[in-house]
Amino acid sequence: MSAEVFSYESLVHAVAGAVGSVTAMTVFFPLDTARLRLQVDENRKAKSTPAILADIVKEEGLLAPYRGWFPVICSLCCSNFVYFYCFHWIKNAWLKGRLSTPSTDLIVGIAAGVINVLLTTPLWVVNTRLKLQGSKFRNADIRPTNYSGILDAFEQIIRKEGVGALWNGTFPSLLLVMNPAIQFMIYEGLKRQLRRGVPRELSSLEVFIIGAVAKAVATTVTYPLQTIQSVLRFGQFNTPKERSKLLSSLQTIKGLLVNRARRHGVLGLFKGLEAKLLQTVLTAALMFLLYEKIASGTFKVMGLSSSHYKKR
């Protein structure tokens, strides 16, 4: 497998995935802003996504929905590059030309997700802090932060909270590798069903729909953990003092889930789901559409189109 680590084919997939995700996230970024506010600010009343965005614009200015865009895009670009590269590298090395199955896609997706989480969690911690900096919270317990940029945020977090703080939320993030794993399993499975064994390029509409369906299912199943992940990355919570870091992480996740359920009911675990689904489904659908077009176009230029589609 080591000989196949640096693969031009995997690099094409990685670049196509990174470009597609960055473009899609930029288009639908305000929806992600609404979702994050609802997850982190428990005292903010749950409203429709347009109403939340209208409140943010009214209170904080017209550009507030795009606050933190640059660090998010940097994190997303790195994260998707790593994920797409690892997913296709591991898959090709494992299958060696054989047809894939849903279980294979799931296992490969989990492996790629673990690598991605361990490498890129510090970027996501920093971008969560920067995205929420300057926000007007309903919760008075939230302390304001003052970071001048990505590098300053890294420096302040390390100096004030320790290097380990850059990996806040890693444990739920590792659990959440099921999200992209489920998403890719459903996406690849639906793609095989639509092709029915015939190596052809799917239409733009087909790719958009199956990308949306795959992400909707994955997001709904894992949403409560995504909420806890956002809270942990924001860093404003009390960590149980356990001897074991694993026990401490489990206690923290359990405590946050139970506390939110007690205060807001079971539905409180899904606060912001509407905004998340609207944002993530549209973003994923557009991302997969751009990814497929960029990748297929590149492979055609390389003269690899027919063999490439048979392998996928």
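How many salt bridges does the structure hold? The count is 10, and keep in mind that this is a predicted model.

- Asp105 counts as buried, because its relative accessibility is 0%, and the cut-off for buried is under 20%.
- Glu292 and Lys191 also form a salt bridge, with their closest N and O atoms 3.0 Å apart.
- Glu292 sits in helix 11 (residues 273-302) and Lys191 in helix 8, so this pair ties together parts that are 101 residues apart in sequence.
- Both partners are buried: Glu292 has a relative accessible area of 6%, and Lys191 comes in at 1% relative accessibility.

**The Glu60 and Arg67 pair**
- Glu60 and Arg67 join their side chains in a salt bridge at 2.8 Å, N to O.
- Glu60 is buried, at 17% relative accessible area, while Arg67 counts as partly exposed at 21% relative accessibility.

**A loop residue: Ser148**
- Ser148 is found in the loop between helix 5 (102-132) and helix 6 (150-161).
- With a relative accessible area of 70%, Ser148 is exposed.
- Ser148 and Leu130 are 18 residues apart along the chain, and their C-alpha atoms are separated by 8.8 Å.

Key. Residues numbered from 1 in each chain as written. Predicted model: local features only at pLDDT ≥ 70, side-chain atom pairs only at ≥ 80, totals over all residues. Heavy atoms only, no water. Helix = DSSP H or I, 4+ residues; strand = E, 2+ residues; numbered from the N terminus. Buried < 20%, exposed > 50% of the residue type's maximum accessible area, 1.4 Å probe, protein only. Salt bridge = Lys/Arg side-chain N within 4 Å of Asp/Glu carboxyl O.
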